[in-house]
Amino acid sequence: MDYNKKIQKAAQIIKRAKGLYCLTGAGISTESGIPDFRSPKTGLWEKIDPIKESTVQVLYNNPARFYKIAFPRYASFRNAKPNNGHKALVELESKGILRGIITQNIDNLHYKAGSRKVWEVHGNTRKSYCVGCYVEYPFDEIITQLEKGIEVPQCKKCSEMIRPDIVLFGDSMPDDYYQAVAEIREKCDILLVVGSSLQVQPVSTLPGMVSSLIIINLQPTPYDYRAEVVIREKAGKALMDILTYL
Ligand code: APR
Ligand code: ZN
């Protein structure tokens, strides 16, 4: 089936949806200049090993390493801007077609784009907190302290370490994840997957919970065989093109 036919088919499926939700991954943000993790050659994990660097073990046992190697990526999101993919999802939500977004991304771009219902199942880079007394800080408090040459950002109240409010390998899942699972189980009949390799548990179990999938992804995913339509196109273009039929 050619590209335009797939776009029209995706729009028809969306039109019949009783509960349309969108699951996004790093692939929706590459057009904003943020590299994803697993794209061949450009994916971040080709350069640093996530299991070695972005983990709670490294954060707690070797925090200076964590803030030197894993952290710079999180700081790089500050100036990134939402792209057409994020904007198309805002439009779908404002038309009352999309009920909400489950995102694995911590780059705040759905939030910046103006999406209202977003479950950030891997956390976000707007907040941070002290691991000792749990007092909250803006994410930028970490950047400010690192820029002053402090190796491990410290709480102003109890001097314990401040950490970003994101889900590292080894962290437990946040409330947003459980709320998203409940919502999907109860209300979702069509899940639009955009820019995710669907390889990381437990989020990669979500597409298995719904009866109908639309996948927009440049590379194959383990769920392609189950999708009603798979669109191998950039998210920004594909989502804007689908919008023209809705
Ligand atoms: N349009 C469509 N698809 C794209 C685009 C684009 N512009 N750019 C990249 N992709 C696709 C890639 O082909 C890839 O399959 O997006 C997918 C991104 O997959 P990953 O890099 O694995 O990112 P993601 O699925 O979000 O990873 C999940 O893994 O390391 C952890 O916590 C991290 O949240 C992340 C999780
Ligand atoms: Zn503290």
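Mentor: Domain bounds here come from an automatic or database domain assignment. This is a predicted model, in which local features need pLDDT of at least 70, side-chain atom pairs count only at pLDDT 80 or more, and totals for chains, interfaces and linings use all residues. Residues are numbered from 1 along each chain as its sequence is written.

Trainee: Into which domains is the protein chain divided?

Mentor: Domain 1 comprises 1–34 + 81–122 + 173–246, and domain 2 comprises 35–79 + 126–166.

Trainee: How far apart do their C-alpha centres lie?

Mentor: The C-alpha centres of domain 1 and domain 2 are 27 Å apart. In contact (heavy atoms within 4.5 Å) are 17 residues of domain 1 and twelve residues of domain 2.

Trainee: Turning to ligand 1, how many residues surround it?

Mentor: Ligand 1 is surrounded by 23 residues, each with a heavy atom within 4 Å of it. Ala26, Phe37, Arg38, Ser196 and Ser197 are the closest.

Trainee: Which domains supply that shell?

Mentor: Domain 1 and domain 2 each contribute at least three residues to the shell around ligand 1.

Trainee: And which polar atoms lie by its oxygen and nitrogen atoms?

Mentor: A polar backbone atom of Arg38 is 2.7 Å from an oxygen atom of ligand 1. A polar side-chain atom of His122 is 2.9 Å from an oxygen atom of the ligand, and a polar backbone atom of Ala235 is 2.9 Å from a nitrogen atom of ligand 1.

Note on methods:
Chains are lettered from A and ligands numbered from 1 in the order in which they are written. Side-chain values use heavy atoms; hydrogens and water are left out. A polar contact is a pair of N or O atoms within 3.5 Å; within protein, one must be able to donate a hydrogen and the other to accept it, and residues adjacent in sequence count only if both atoms are side-chain atoms.
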